[in-house]
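Okay, thanks everyone for coming. Let me put the model up, and then I'll walk you through it.

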Amino acid sequence: MKWINRNDSEANYEDRRGRGRGKKTAAIGGAGAVIVALIALLLGQNPFQAVEMLGSFAPGETTEIVDPSRVNENEELKVFTLGVFNSANDVWEEIFRSQLGQEYVRPGLVTFTDATVSDCGGATAAVGPFYCPGDQKMYIDLNFFHQLKSEFGAQGDLAMAYVTAHEVGHHVQKLLGIIDQMNQYRGRISEVEFNRLNVKLELQADFLAGVWVYHAQRMNMIRLEPGDLESVISATTAVGDDTIQKRSMGYSVPDSFTHGTSAQRTYWFRKGMETGDITQGDTFNDPSL
Ligand SMILES: [Zn+2]
């Protein structure tokens, strides 16, 4: 995959690379502050001033820890991911306006290193990229893309783009009310049935990623190269891990959970990529599923 026109805007982008949270070392509050005040009194100092010097430190409070050596880590991957994120948003904005008559509200993109927090709970790099419907942001530890190449053999750039476009696909599902609708079924139908719905949701996000590829080419944003589709097929297996689903929805799923097979995921991605037609992506009413 090659860029023809890349949008490098950093709007809606939150860069948390090299930033983590840790406990404040000098955390004193509550009872601790009272003791400080008592000591100050005994020493003849102004107790209020002494407590004030402690600032707003409270027990267990955390503070941001920045590792300067990692804030620009994977810069090239960041630029690439941001480009896909913007391209997907530009495509969906047009589709929403021209075909759905609905306003497209852009999601947020968060890049992080090792671990971060979201409305769906804390996340570590181990869970892979995910979308959180609660804060409408997608979270990516860019090191995931190294794993995609080394462990899953997904070499091409389209494989990386697919991962980002898939998460934007979940955001489209959120805006269309599909995720909320699905959550209403939670606890009301059997686990097996709910898992079947989850598979359909995932396959639809794959389809929507494919729809992005179709329109990104049509709108002169990207150009495909030989081997691109094969690399996506490797990636569909890599992101078929249920841990990703677990994080994307913000709750745990039982061990019996099954994603769509790699073949199913490839089928739906290709269908989106070859038709670019959102009306063909109703995985929920597809007789084959
Ligand atoms: Zn997903």
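Quick housekeeping. This is a predicted model, where local features need pLDDT of at least 70, side-chain atom pairs count only at pLDDT 80 or more, and totals for chains, interfaces and linings use all residues. Residues are numbered from 1 along each chain as its sequence is written, and side-chain values use heavy atoms, with hydrogens and water left out.

Overall, we have 10 helices and 10 strands. Those are DSSP runs numbered from the N terminus: helices are H or I with at least four residues, strands are E with at least two. Of the 289 residues, 47% are buried, meaning under 20% relative accessible area with a 1.4 Å probe, protein chains only.

His166 sits in helix 5, residues 157-175, and Glu202 in helix 7, residues 191-218, so the pair ties together parts 36 residues apart in sequence. Both His166 and Glu202 are buried.

Helix 5 itself is worth a look. 18 of its 19 residues are buried, so the rest of the structure largely encloses it. Just after helix 5, Gly177 has a positive phi of about 85°.

Last bit: the inside. A nonpolar core is a set of buried Ala, Val, Leu, Ile, Met, Phe, Trp, Tyr and Cys residues joined through side-chain atoms within 4.5 Å. The largest one has 57 residues, and Trp92, Phe145, Leu148, Trp212 and Phe269 touch the most other members. Helix 7 gives the largest share of this core, 12 residues. If you zoom in on Trp212, you'll find it touching residues including Met1, Val84, Leu158 and Ile222, leaving aside anything up to four places away in sequence; a contact is heavy atoms within 4.5 Å.

Methods: Buried < 20%, exposed > 50% of the residue type's maximum accessible area, 1.4 Å probe, protein only.
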